[in-house]
Structure formats: structure tokens, C-alpha cells
Amino acid sequence: MRISTSQAYGSGLRGIERSQNQLLRLQNQMSSGRRMLTSADDPVAAARVLTVSQSKDVGVQYAHNQSDATARLGLVDNQLAALTNLLQNVRERVIQAGNTVLSDSDRQALAIDLASSFDGLLGIANSQSAEGDYLFSGYQGATIPFAGSATSSVTYAGDDGQRLLQVTSTQQMPSNVAGSDLFMNIREGNGTFATAATGSGGFPNQGSGIIQPGSVLDLEKWQSALNSGFPWQGTGNFSLQVQFSSVAGVSSYQLFDASTPDSSGTPLPATAVSPVLPFVSGQAIPLVTTIPDVDFGAQVVINGLPAAGDTFTIKPSANKSVFQTMQELIGLLSSPLLASGTTRTEFSGQLQGHLTNLDQVLVNVSRVHTTVGGYLQELDGLSSNSEALDIQYAQTLSDLQDLDYAKAITDFTMQQVNLEAAQKSFVQISGLSLFKYL
């Protein structure tokens, strides 16, 4: 086999160039810290790197959403804590207003204090995030949710929506609370029915009886009687009435159906639905009728001594906003109280009703606060999972594409030796010539 001089030179040059290219590649790997400089270096690993990188980027976005949701819900949580403190302070003022030693001016001072608390309540309801979005306006983040004052009705301009953030591939998290749920749609009374002293013939009750909020013993019975189990005389404004009578100084009561024929509230004479029963102050009055036999699964308690003709009404709870409850309290405390016992009893009964509604407000705020706290706790767990997943992705990417410096330095040193050997051998081979022997 003949090897020409040009062939020897070309072969030697190509060998040196290959060694130089491999040496340059190792140098680039060490300077970048990456094993793969192009996808051609390891096509399978390159495909996996692309998939893992995409998953890691998606996880980073979910982590950002989780952080955003945590920040927004943290603001809501702070406002709910402030709202709870404000309402507890209002409750203390209402209890104080029930003291019989207070004068009209004392109660009016409390009313002024409640008016100031009303302004604080409205400020919390219209609170904003750092971005300027209103926290309690539903989807309408740019709209002021509540408008009004202590002397005018408060209207809600938001909606019932919850702004959701995608915090995982399969889960969305609310980042706000709808003001309608927190401030507006609060059930009055004990949450199932409301009680009140209604009087008769346009006059207030004349006795000293005060009705308590009452309690539901069997919710299923209550709902059944309310919807179809009891033959109401009317089709709207369902309500039962406790009417009192007195014979020879013995006080008795009787249950009446006081419903109306339609939702407009056209009055009808109340119809007796139970026998006359003896009354004992503070003893539970079961809401059980005998005409026909229907058990409403509930009871009420009346303290004091109602006069003959006094009436008390029990009707299903309706929604009442916290603003309306506050306004009614301010109006009640602002009005001078006459010296008669009847007026004082009426005042005490109304104050008791407002206090019950205020307790329902606190229960509702506590419910929402607990829900937000649950969201924050869940986000905390998701954040920990995201951090762990991000570390796992980073480790996988490192295993796929990061350089093993110990091996790279060893390969680089070996390749240097190879290059030097190729260069020296080329010098030796290129120096061989027959002309030296002629």
C-alpha cells in the first residue's frame, strides 16, 4: 500500500484537528458547566430536558399564583380581623345601652359612638388591595362595592363572584370574598326564624313580656311544616303568632296562624291553631299546633308577664345587612325613651332583637374568616409542595445536563496528551523522506 506525502500530511492534519475540536468542546463544557452544548450531544437527554424545563416553568407560574393568592387573602384576613374587633366593640355598646340607669343623653352618646363605628364598618367594606382592587366587590374589582351612610340606606354595587387563581393544574383558589356574602345576606333572628313583639291594633304590647330568639329542635320538622306540612291560611308572609289572654289573673297563651294571602302582606284576621294554654314566664313554648296536628320542631321563651292582648310573632328569617342592623340600632338609641314601663319594655325587646341580629353578623363573619383561614392554610401546604417540586425539577435537570467536573478535567488532560502526541508524531512522520538517503 502506497501512502503519498500529501495523504500523510492530510491524515495528520485531520487527526490534529479532531483532537483540537474535542479539546475545544471540553473547554466549552467546563466554561459553561453544561455537559450538553447542543441537542446532538445527547438527543434523548435533550428531549427530557425540554419536558422537565417546561414542567418546571409551569410550576414556577403556579408558585407565583399561590404567592399572589396568599397575599390577597392575607389582606382579606386582616380586614376580617378588624371587622370582628369592630363588631365586638359594637356589641359591648349595645349591651351597655340595655342598662336601665342610662339616661336619654347617655344612649344618644352611645348612638354617636355607633355612628362612628358605622363609618369604620363602611371603610372596611370598601377596603382595597395594593393594586387598587376592592376586596369585597366580587368580580367588580374596580367598582366601589358599598355606598351610603349611617342615615341613608347602603347599596351594594358588586356581585356574588369570586376571583379565582389557578394554583395547581387541577385546583383554583379564591382570592377575594364577595361583599354580598359577608355584609348583606345575613339571616336575621336565630338564623331560622325571627321573633318580635308586635302588639295589637297598632299599639305596642302593654305587659312586661320580652321574647327570646328561640331555638330549632328539629330543622327537618321546621322546614316540612313551613313548606307543606302546615295548611297556612295565606300564601305569603308565613308567620305564627302567640297571643295572650288573662282570666281571673291567670295568664294564658294561644298560637295563631298570621300568614297573609299573598306576598304584598294584605292583612287577614289571625286564625287560632292551638288551644289556650297556661303561661309560665321563662318556660319554653313549643311551636306545636293542634288544628291540625303539626310540630314545627321549634320553641320560644318569653320572660316577664305579658298583658292580655299582647302578641308576639315568629316568622321565617329573612336576609338583613349588617348596615341595616347598625342603622336600626343607631335609630333606636337616638330616640328619647319615655318614662313609662311599657315603652321601656318595648325598647328592651327591640334591643334584644338587634343584639340577636348582631350575633348573627358575628357568626357570619366568623364563618367567612374560618373559610379564608382554611384557604391560607391550604396555600401554605401548596407552597411547600411547590418548593419541593421545584427542587426535584432542578435536581433532574442537573442530572441531565450539568457537567461532571472531575470527569471533564480528566478528559481534558487526557485530550491534551493526545493532541501533543499527535503533533509530535506528525513532526516525526513529516520529516521522513527518501531524499535523506540519496
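Arg107 lies over the face of Phe347, and the distance to the ring centre is 5.5 Å. Please bear in mind that this is a predicted model.

The structure contains 15 aromatic pairs. In one of them, the ring centres of Trp232 and Phe296 are 5.9 Å apart with their planes at 70°, so the pair is edge-to-face. Where do these two residues lie? Trp232 sits in the loop between α5 (219-229) and β9 (240-247), whereas Phe296 belongs to strand β14 (residues 293-303), so the pair ties together parts that are 64 residues apart in sequence. Both partners can be classed by accessibility: Trp232, at 13%, counts as buried, and Phe296, at 1%, counts as buried as well.

A further pair is formed by Phe244 and Phe279; their centres are 5.0 Å apart and their planes stand at 90°, so this pair is edge-to-face too. Phe244 is in strand β9, and Phe279 is in the loop between β12 (277-278) and β13 (284-290), so to speak of distant parts of the chain, the two are 35 residues apart. Phe244 and Phe279 are buried.

Ring pairs also build a cluster, which joins Phe118, Phe136, Phe146, Tyr156, Phe183 and Phe323.

Let us now consider the nonpolar cores. In soluble globular proteins, nonpolar side chains tend to be buried together. Which residues have the most contacts inside the largest core here? That core has 54 residues, and the residues in question are Leu83, Leu87, Phe146, Leu182, Phe183, Val322 and Phe323. At least two of its residues come from each of α2 (43-97), α3 (104-125), β2 (152-156), α4, α6 (322-334) and α7 (341-401). The largest share, 12 residues, is supplied by α7. To take one member, Leu83 touches Leu121, Ile124, Leu182, Phe183 and Val365, once residues up to four places away in sequence are set aside.

Another core, of 23 residues, lies apart from the largest one and includes Phe244, Val273, Phe279 and Leu287.

Is Ser175 buried or exposed? Its relative accessible area is 5%, so Ser175 is buried. Beyond its neighbours within four places in sequence, Ser175 is in contact with Arg72, Leu73, Val76, Arg163 and Leu165.

Technical notes:
Residues are numbered from 1 along each chain as its sequence is written. This is a predicted model: local features need pLDDT of at least 70, side-chain atom pairs count only at pLDDT 80 or more; totals for chains, interfaces and linings use all residues. Side-chain values use heavy atoms; hydrogens and water are left out. Buried means under 20% relative accessible area, exposed over 50%, partly exposed in between (1.4 Å probe, protein chains only). Contact means heavy atoms within 4.5 Å. Rings of Phe, Tyr and Trp (its six-membered ring) pair if their centres lie within 6.5 Å; planes under 30 degrees apart count as stacked, over 60 as edge-to-face and the rest as tilted. Helices (H or I, at least four residues) and strands (E, at least two) are DSSP runs, numbered from the N terminus. A charge sits over a ring if NZ of Lys or CZ of Arg is within 6 Å of the ring centre and within 35 degrees of the ring normal. A nonpolar core is a set of buried Ala, Val, Leu, Ile, Met, Phe, Trp, Tyr and Cys residues joined through side-chain atoms within 4.5 Å.
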